[in-house]
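Have the model open while you read.

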Amino acid sequence: MKNVVQQEQEINSFSVNLSNFPSAWETYYNRESIYLVDPVVRIIQENIEHKNLIYGTWSDAYIWAMQNPLGVNAEEKQKYVTGVTQLITSSRQHHLNSGYYYSWGDNTLQIVMSLASSRNSVEQNEVSVGDFIKIIHSMVVLINQSIAVTQGCNQCQQILAH
């Protein structure tokens, strides 16, 4: 949690990140700075100011990244494509073969979920992508309300202390 001053009024800002990744993958991911080429991170970061709801499958994110590589010249773009290819290979070695990503937020709360599956395709699941996103969105609304209630209690305690 961090405090943000907005127009002379202090507000609390929260970022909640949820995943079901194995700890070995998280350690490797952070040690190797894979987030620098991760298409899911890129999509969320590039759209965070423009949309409140961002979601999709890892497969769609990888395809988009390969079609829209980062870089100002051919060499940089090829380096990015190589990094994404290595990300895919490494994630599969950690039994993360497919997944969904989801990001929702406003000016004070950002919730990011990235959920992995050992299956080769999340489309094999019985729940459609649209239905799954509705389930995740419901969870996020509950998380948001829980945080809002907690923040309200903190403000009540401050008022009672004066």
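The points below start with the ground rules, then take up the strand and the helix residue.

This is a predicted model, where local features need pLDDT of at least 70, side-chain atom pairs count only at pLDDT 80 or more, and totals for chains, interfaces and linings use all residues. Residues are numbered from 1 along each chain as its sequence is written, and side-chain values use heavy atoms, with hydrogens and water left out.

**Strand E4**
- Strand E4 spans residues 98-105 and is mostly covered, with 8 of its 8 residues buried.
- Buried here means under 20% relative accessible area, against over 50% for exposed and in between for partly exposed (1.4 Å probe, protein chains only).
- Helices (H or I, at least four residues) and strands (E, at least two) are DSSP runs, numbered from the N terminus.
- Ser98, Tyr100, Tyr102 and Trp104 point one way from E4, while Gly99, Tyr101, Ser103 and Gly105 point the other way.
- In a regular strand, side chains alternate between the two faces of the sheet.

**E4's partners**
- Strands count as paired if DSSP finds at least two bridges between them.
- E3 (residues 53-57) runs antiparallel to E4 over 5 bridges, and Ile54 has Ser103 in E4 as its bridge partner.
- E5 (residues 109-117) also pairs with E4 in the antiparallel sense, over 8 bridges; Tyr101 has Ser114 in E5 as its bridge partner.

**Ala65**
- Ala65 sits in helix H3 (residues 58-67) and is buried, at a relative accessible area of 0%.
- Leaving out residues up to four places away in sequence, Ala65 touches Pro39, Arg42, Tyr80 and Val84, where contact means heavy atoms within 4.5 Å.
- Asp38 is 27 residues from Ala65 in sequence and 8.7 Å away in space, C-alpha to C-alpha.
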